[in-house]
Amino acid sequence: MSTTSMSDSMRAVSALLDLSAVELMALTPLQTLRAVEHLEAATAGLDALRRKLDAALDATYGECIRRACAETGQDMGLFNIDAGEVRLRVEIAEQVVWDQTQLAAMAARIAKGGECVEAYLDITYDIPETRWSQWLPTLRDSFARARLLTPGPPTYRLRPRDPV
């Protein structure tokens, strides 16, 4: 990839946004390569900026979020935080983590019973949520101890506060 500045890439991407698909098809192969390079550089820069902004939001509002979690007795969910003229809507999604030791023991019992372990478990001892949600309650109950819900990373959405 050629060495270009982030601002050069952003300007190039901004110009490309105004082109139609037909106009993009008319680019020479070298122009298309440059367009892809600019897009990749801009995307990488924006991704890095997103990570930095999320880290800054977490450093700034993390304690407020932890307090809101403690006050509601929830580790996951939607939380609204007032920050002056901005209201933050913070979503902490659940992340499912399976206890590998317990799933290994369940896999051994399934295999010992003569059934195909792969019909119930992925080899990595992970149960996709779509499969889990379709199981009968009796089957889910036997696996429930291995299923752990942990908070995912927060998702921040900022919007102006409604006028009072």
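The largest nonpolar core of this predicted model has 13 residues, and those that touch the most other members are Trp98, Leu103, Leu121, Ile127, Trp132, Trp135 and Phe143. By nonpolar core I mean a set of buried Ala, Val, Leu, Ile, Met, Phe, Trp, Tyr and Cys residues joined through side-chain atoms within 4.5 Å, where buried is under 20% relative accessible area, exposed is over 50%, and partly exposed is in between, with a 1.4 Å probe and protein chains only. Helix H4, residues 100-112, gives the most to this core, with four residues; helices here are DSSP runs of H or I with at least four residues, strands are runs of E with at least two, and both are numbered from the N terminus. A second, separate core of 11 residues includes Leu57, Phe79, Val90 and Ile92.

A word on conventions. Residues are numbered from 1 along each chain as its sequence is written, and side-chain values use heavy atoms, with hydrogens and water left out. Since the model is predicted, local features need pLDDT of at least 70 and side-chain atom pairs count only at pLDDT 80 or more, whereas totals for chains, interfaces and linings use all residues.

Let me stay with H4. Its 13 residues reach 18 Å from first C-alpha to last, close to the 18 Å expected at 1.5 Å a residue, the expected span being 1.5 Å times one less than the number of residues. Which residues of H4 are buried? They are Leu103, Met106, Ala107 and Ile110, and, seen down the axis of H4, they fall within an arc of 105 degrees, so they line one face of the helix; the arc is that of the directions from the helix axis to the C-beta atoms. The face turned away from that buried side carries the exposed residues Thr101 and Lys112, while the cover over the buried residues includes strand S2 (86-98) and helix H6 (137-143). At the start of H4, a side-chain oxygen of Asp99 comes to within 3.0 Å of the backbone nitrogen of Thr101, and just after the helix Gly114 takes a positive phi of about 90 degrees.

Thr32 is partly exposed at 33% relative accessible area, whereas His38 counts as buried at 16% and touches Thr4, Asp8, Ser9, Ala12 and Val13, not counting residues up to four places away in sequence.

Note on methods
Contact = heavy atoms within 4.5 Å. Polar contact = N/O pair within 3.5 Å; in protein donor to acceptor, adjacent residues only side chain to side chain.
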